[in-house]
Amino acid sequence: MELSKIAEALASVTDPKTGQDIITANMVLHLKVEAPVVSFTLQLPKLDDNYKQQLNFACQEAILSVYPEAQVHVHMQNPAVGGQAGPSTGGPQRENPLPHVKNIIAVASGKGGVGKSTVAVNLALGLQELGARVGLLDADVYGPSAPTMLGLQGQRPQVEKVYGKPKIKPLYAYGLPVMSTGFVVEPEQAVVLRGPRLAGIVRQFIEETIWPPLDFLIVDLPPGTGDVQLTLVQTVSVTGAVMVTTPQEVALADAIKAMNMFFLPDVQVPVLGVVENMSYFTPAELPDNKYYIFGQGGGKTLAKKSNSMLLGQIPLVQSIREGGDSGEPAILNKNEEITRQAWLDTARNVARQTALRNEMMGPTEKVTMKE
Ligand SMILES: Nc1ncnc2c1ncn2[C@@H]1O[C@H](COP(=O)(O)OP(=O)(O)OP(=O)(O)O)[C@@H](O)[C@H]1O
């Protein structure tokens, strides 16, 4: 009996919760073969009887299909839930719908149009370029821009049944699994649908999408504060928030208001830092010149107010706008090295601040609903 054949057989078994195969989802531990006995531990996010039985049966069946003589012993184990790296902070243990996603990063802003979606998309691709496994959830229900920015407009994600339950397959762009409210809701529809309905869609996207194992899930939030923000912090443990602002003082008051939501005593999502977008204008023909047309200092002030750092300063350049419109984000444009480096530096800082945060604190507690 070969271990590799057994592992291969187990890779055909799907976790009914995440839609991932149980090997990729790191659910199989201590796999041992002493013919005819095959034993292993199956780590489950929740020991629900029905769920346990289904998986046990599927594992037995998979192994018996390659080694009919095998005696399969499956030991079920419930790991500490709560999800991400770092020790548990104690308190009530709640189920984590994304146990195979290490860090969930919310990208937020005070008002629309500051380039939050541009930052979310380029940050996701930047982290991927640095070697991380990244996914993007565009939860900007009123103005979903990921489909256009990633050249996925008009496409619809497919639904696949996993143990009889429908799960959504994300679309892929440049290797990035992407879900966007724009895939299922027309912009005109979003305006008439009420906040809680849209928030429900976001919750469904988190819980029912077949996200692969990820180091980072970047969540592009709508501007300001509202139902979607609340739903996110109630559904998952958000590792940290990245605030996006422009340098103007006038944008600051709104940004502070949006940021303060993360600091509410019931929420307590750490702010990893601030990305200042449209920091300066650089004409393509004078790449070394910087014109601070929107003033200076907004990003730094916001970082100071949140006791965090300025993660990056992104120039206002035509290629970023063009990249957003053409479906080929600026970070992929190797002819615009200065802009590309600004995005990569930002991604590096986000990765570093996330690692530091995880070293210093336990997972963020999910917010519980108070009736
Ligand atoms: N640094 C930049 N240089 C040039 N254009 C930019 C830059 N950042 C963003 N843009 C452009 O500005 C417009 C608004 O950006 P984006 O959609 O990312 O903003 P947003 O804050 O997500 O807005 P909303 O959430 O209201 O839709 C887009 O056309 C985008 O391409």
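This is a predicted model: local features need pLDDT of at least 70, side-chain atom pairs count only at pLDDT 80 or more; totals for chains, interfaces and linings use all residues.

Reader: How do you know that the radius of gyration agrees with that of a compact globule?
Author: The radius of gyration is taken over C-alpha atoms, and the globule rule is 2.2 Å times the number of residues to the power 0.38. For 371 residues the rule gives a value near 21 Å, and the protein has 22 Å, which therefore agrees. Along the principal axes, the C-alpha atoms fill a box of roughly 75 × 50 × 40 Å.

Reader: What makes a run of residues a helix or a strand here?
Author: Helices (H or I, at least four residues) and strands (E, at least two) are DSSP runs, numbered from the N terminus. On this basis the protein has 11 helices and 13 strands.

Reader: How is the protein divided into domains, and where do the bounds come from?
Author: The bounds come from an automatic or database domain assignment. Domain 1 covers 3-77 and domain 2 covers 101-360. Their C-alpha centres lie 37 Å apart.

Reader: What makes two residues a contact, and how many residues of each domain take part?
Author: Two residues are in contact if their C-beta atoms, placed from the backbone, lie within 7 Å. Eight residues of domain 1 meet this criterion with eight residues of domain 2. The side of domain 1 that touches domain 2 has two nonpolar, six polar and no charged residues. In this classification Ala, Val, Leu, Ile, Met, Phe, Trp, Tyr, Cys and Pro count as nonpolar, Asp, Glu, Lys and Arg as charged, and the others, Gly among them, as polar.

Reader: Which residues are closest to the ligand, and what makes a residue near it?
Author: The ligand is surrounded by 20 residues, of which G112, G115, S117, G143 and G324 are the closest. By class, this shell holds seven nonpolar, 10 polar and three charged residues. Helix 3 (116-129), strand 12 (271-281), strand 13 (309-316) and helix 10 (318-326) each contribute at least two residues.

Reader: What is the backbone phi of M278 and of Q268?
Author: M278, which lies in strand 12, has a positive phi of about 55 degrees although it is not a glycine. Q268, in the loop between helix 8 (252-263) and strand 12, has a positive phi of about 50 degrees and is likewise not a glycine. Most residues other than glycine have a negative phi, and most peptide bonds are trans. A cis peptide bond joins A35 and P36, with omega about 5 degrees.

Reader: What makes strand 5 mostly covered, and which strands pair with strand 5?
Author: Five of the five residues of strand 5 (residues 134-138) are buried. V134, L136 and D138 point one way, and G135 and L137 the other. Two strands pair if DSSP finds at least two bridges between them. Strand 5 is joined by five bridges to strand 10 (residues 214-220), in parallel, and by three bridges to strand 9 (residues 176-180), also in parallel. D138 has D220 as its bridge partner in strand 10, while L136 stands opposite V178 in strand 9.

Reader: How many bridges join strand 12 to strand 11 and to strand 13?
Author: Strand 12 has five bridges to strand 11 (residues 240-245) and six to strand 13, and both pairings are parallel. Nine of the 11 residues of strand 12 are buried.

Methods
Residues are numbered from 1 along each chain as its sequence is written. A residue is near a molecule or strand if its C-beta atom, placed from the backbone, lies within 6 Å of it. A residue is buried if 20 or more other C-beta atoms lie within 10 Å of its own, exposed if 12 or fewer, and partly exposed in between; C-beta atoms are placed from the backbone.
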